[in-house]
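Please look over the sequence and the structure shown below.

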Amino acid sequence: MQLSDKKATLSFSDGSPSVEFPVYQGTVGPDVIDIRKLYGQSGMFTYDPGFLSTAACESGITYIDGDKGQLLYRGYPIDQLAQNCDFMDICYLILNGDLPNNTQKTEFDHLVTHHTMVNEQLHFFLRGFRRDAHPMAVLTGLVGALSAFYHDSTDITNPHHRHVSAIRLIAKMPTLVAMAYKFSQGQPFIYPQNDLSYTGNFLRMMFATPCEEYKVNEVVERALDRIFILHADHEQNASTSTVRLCGSSGTNPFAAIAAGVGCLWGPAHGGANEACLQMLEELQANGGVAKVGEFMEKVKDKNSGVRLMGFGHRVYKNYDPRAKLMQETCKEVLSALGLENDPLFKLAMELERIALEDPYFVERKLYPNVDFYSGIVQRAIGIPTSLFTAIFALARTVGWIAQWSEMLSDPDYKIGRPRQLYTGAQTRDVPANRG
């Protein structure tokens, strides 16, 4: 963060003295006005619901330019990373700031692989849930429960402890997600296998049974690995901000990540791909491709109550750079699995065609986002819709823990304490003789 030559001045129409604020520059992106002394100098707060114009932290991990449709991890464009790296490369990059060399990658892969097992007592903890519990309810509990097993790495002031916690969370999250799935299916848990890749190991824990040998499909493995890469971090979104806010109190990392899992559960955040797939399934049940035009007309009618899921994004005002990569992956998976004529994929392509040509959608920049195709890919792989958000949480864990650790290393770090515009009753007395 570099101090700019320019300053910002806040003036008041009632003649109150103006207030001057410093301006700081980032590497790229908008400058920020430092308003930390605003209340002390003026007695006022800023008002910014949803924090649309507020930078709550300084970060060097991820950068998004919504107007250009650009996403960078540590400065690297997402399309280059997705085409040339695996998820373990991305985890190392996000945690450490640079891509690993061959030696670093070998050591990092080995470290993560040999921490994928979880304490056996977690099996008993899991059995306390109902079989039909939502996987995100189960995952929130399991992640939070890790703090009861790993007391040796919860000193958040110790950088080594933070690193150990990061490795443990990244390594164990696939095991926990797979356990939640197996429990819901009434199938035995499958233990990790150290000679498989991170993603291949997860697929085996999900879909293998003791009855027969499981062979990882390389196309499916590559596709799921790309999903993990595209969801690894996404700047200061709702769940990441939740992890930072929770972690700012000094709580242990497992509790902070569990808070992120809970926030991600919301349909406006991590549940978006689940909602998108449900929309496609409903459209297919009501006429399929032949009814797409009629459906899109309803979408344009504000009074119809029909919503187009998987299009548009809070940040991107251009094509989501992850969506094109996900579309390519979708085609590869469906082809490899003999599902080229999948009716939901045909529906998705027709919806996208109309949205990219119809002036209504073009003017509003309602381009497909990553959720639009990721749900189709996961469905083709055999992942149930209810597990989509848990897969998202698995991928986003590295981003959450890196952001958490970065916050704790920041000399300006303070416990989060948003302010408010109070509009309730003024001071008043309780009536005497109320009885």
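## The annotated site

H313 has a relative accessibility of 25%, so this residue counts as partly exposed, since buried means under 20% and exposed means over 50%. The model in which this value was computed is a predicted one. H313 lies in the loop that connects α13 (292–300) with α14 (321–336). When neighbours within four places in sequence are left aside, H313 is in contact with H234, D320, R322 and N369.

An unreviewed UniProt entry lists H313 and D371 under "active site". The two positions span 59 residues in sequence, yet their C-alpha atoms are not more than 10.0 Å apart, so they gather at one spot.

D371 belongs to helix α17, which covers residues 370–381. Is D371 buried or exposed? Its relative accessibility is 9%, and D371 therefore counts as buried. Apart from neighbours within four places in sequence, D371 is in contact with H231, A272, N273 and C276.

## Domains

The protein chain is divided into domain 1, domain 2 and domain 3. Domain 1 takes in residues 1–54. Domain 2 is made of two stretches, 68–268 and 383–407. Domain 3 is also made of two stretches, 272–314 and 325–379.

How many Å separate the centres of domain 1 and domain 3? Taken over C-alpha atoms, the separation is 41 Å.

## The sheet of β1, β2 and β3

Three strands make up an open sheet, and their order is β1-β2-β3 with antiparallel pairing. Its edge strands are β1 (2–10) and β3 (32–33), each of which pairs on one side only.

Strand β2 consists of residues 19–25, and six bridges pair this strand with β1 in the antiparallel sense. Within that pairing, K7 is found opposite P22 of β2.

## Two hairpins

Strand β4 (residues 62–65) and strand β5 (residues 70–73) run antiparallel and are joined by four bridges. Across this pair, I64 stands opposite L71 in β5. β4 and β5 form a hairpin that has four residues between the strands.

Which residue of β6 is the bridge partner of L72? The partner is P77. β5 and β6 form a hairpin as well, with two residues between them. In this turn R74 has a positive phi, of about 50°.

## Helix α11

Helix α11 runs over residues 253–264, which makes 12 residues. From its first C-alpha to its last the helix reaches 16 Å, close to the 16 Å expected at 1.5 Å a residue. At the start of α11, the backbone nitrogen of F254 has a side-chain oxygen of N252 within 3.0 Å.

Which residues of α11 are buried? They are P253, F254, A256, I257, A258, G260, V261 and L264. What covers these buried residues includes four helices: α6 (135–145), α7 (159–185), α10 (238–247) and α18 (388–409).

Note on methods:
Residues numbered from 1 in each chain as written. Predicted model: local features only at pLDDT ≥ 70, side-chain atom pairs only at ≥ 80, totals over all residues. Heavy atoms only, no water. Pairing = 2+ DSSP bridges. Expected span 1.5 Å × (residues − 1). Buried < 20%, exposed > 50% of the residue type's maximum accessible area, 1.4 Å probe, protein only. Contact = heavy atoms within 4.5 Å. Polar contact = N/O pair within 3.5 Å; in protein donor to acceptor, adjacent residues only side chain to side chain. UniProt positions renumbered as here; feature names shortened; annotations may be inferred. Domains from an automatic or database assignment.
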